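I opened a new model today.

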Amino acid sequence: GGLDLQIIRLGIPPQDEYAKHLGPFELEAIWLMTSPKEGFGGFSSFLPPRGGEITTISDKGGQLHFSLPGGPGGEPQFRRTYQARKMWPFFNDIEAATRDPLSGKVWLASEGRNAVARFGPDMRFEGLVMPASISGWGQNSAIEAMTRLPDGRFVVLREAFAGWFENTEHDALVFDSDPVDGAAARPFKV
């Protein structure tokens, strides 16, 4: 069947119910998205709006391009991130994405492989790296968030806490430039 995407804006709960989980961030809106399309769901990373269109990527590599109701943009589209199916067994469990607004290049992080892949603006694969600096982060507790800073550095945050008895700090890295090109990384805690 078709995508038949339904987007419903939900009410925001009282701040005291969620504030302790958000730190310095504010909750502005909650949207529920549903579709009968096979493979729809599991969206774990969002790319900033571009031309009024939001892109979200699922754990399994599906991309959803859509506009919020009343916003600019065309019909919602759902497609696979990879043009080569042979990548799927190696690069899955996508948890983070970032985009260079000037070049349009996109970086995806695989938590299951502790890897970062770079794609061109057309989502053609350009390269992949499994940085030694995150090799010990575990297979289901590694990169959970990633951003490219305006100066070209990259920041990645680990999902799990920094230690077995630590429940307030997460490991993080700042790469001097594109990790796929072998940039040096410095650790810090968040």
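My entries follow, grouped by topic.

**Ground rules.** I am working with a predicted model, where local features need pLDDT of at least 70, side-chain atom pairs count only at pLDDT 80 or more, and totals for chains, interfaces and linings use all residues. I number residues from 1 along each chain as its sequence is written, and side-chain values use heavy atoms, with hydrogens and water left out.

**Aromatic pairs.** I searched the whole structure and got 5 aromatic pairs. Rings of Phe, Tyr and Trp (its six-membered ring) pair if their centres lie within 6.5 Å; planes under 30 degrees apart are stacked, over 60 edge-to-face, the rest tilted.

I looked at Phe 40 and Phe 78 first. Their ring centres are 6.3 Å apart and their planes stand at 50°, so I logged the pair as tilted. Phe 40 sits in the loop between strand 2 (30–34) and strand 3 (43–50), and Phe 78 in strand 6 (residues 77–80), so the pair ties together parts 38 residues apart in sequence. Strands (E, at least two residues) are DSSP runs, numbered from the N terminus.

Then I checked burial: under 20% relative accessible area is buried, over 50% exposed, in between partly exposed (1.4 Å probe, protein chains only). Phe 40 is buried at 17%. Phe 78 is buried, also with 17%.

I turned to Trp 107 and Phe 154. This pair is edge-to-face, with 4.9 Å between centres and 70° between planes. It links distant parts of the chain: Trp 107 is in strand 8 (residues 106–110) and Phe 154 in strand 12 (residues 154–161), 47 residues apart. Trp 107 is buried at 3% relative accessibility, and Phe 154 is buried at 1%.

I also noted one aromatic cluster, formed by Phe 40, Phe 43 and Phe 78.

**Phe 175.** I found Phe 175 in strand 13 (residues 170–175). Its relative accessible area is 2%, so I marked Phe 175 as buried. What does Phe 175 contact, leaving aside neighbours within four places in sequence? The list includes Phe 154, Arg 153, Val 156 and Pro 131; contact means heavy atoms within 4.5 Å. The C-alpha atoms of Phe 175 and Arg 153 are separated by 5.5 Å, with the two residues 22 apart along the chain.

**Surface.** Leu 32 lies in strand 2. At 37% relative accessibility, Leu 32 is partly exposed.

Terms used. Helices (H or I, at least four residues) and strands (E, at least two) are DSSP runs, numbered from the N terminus.
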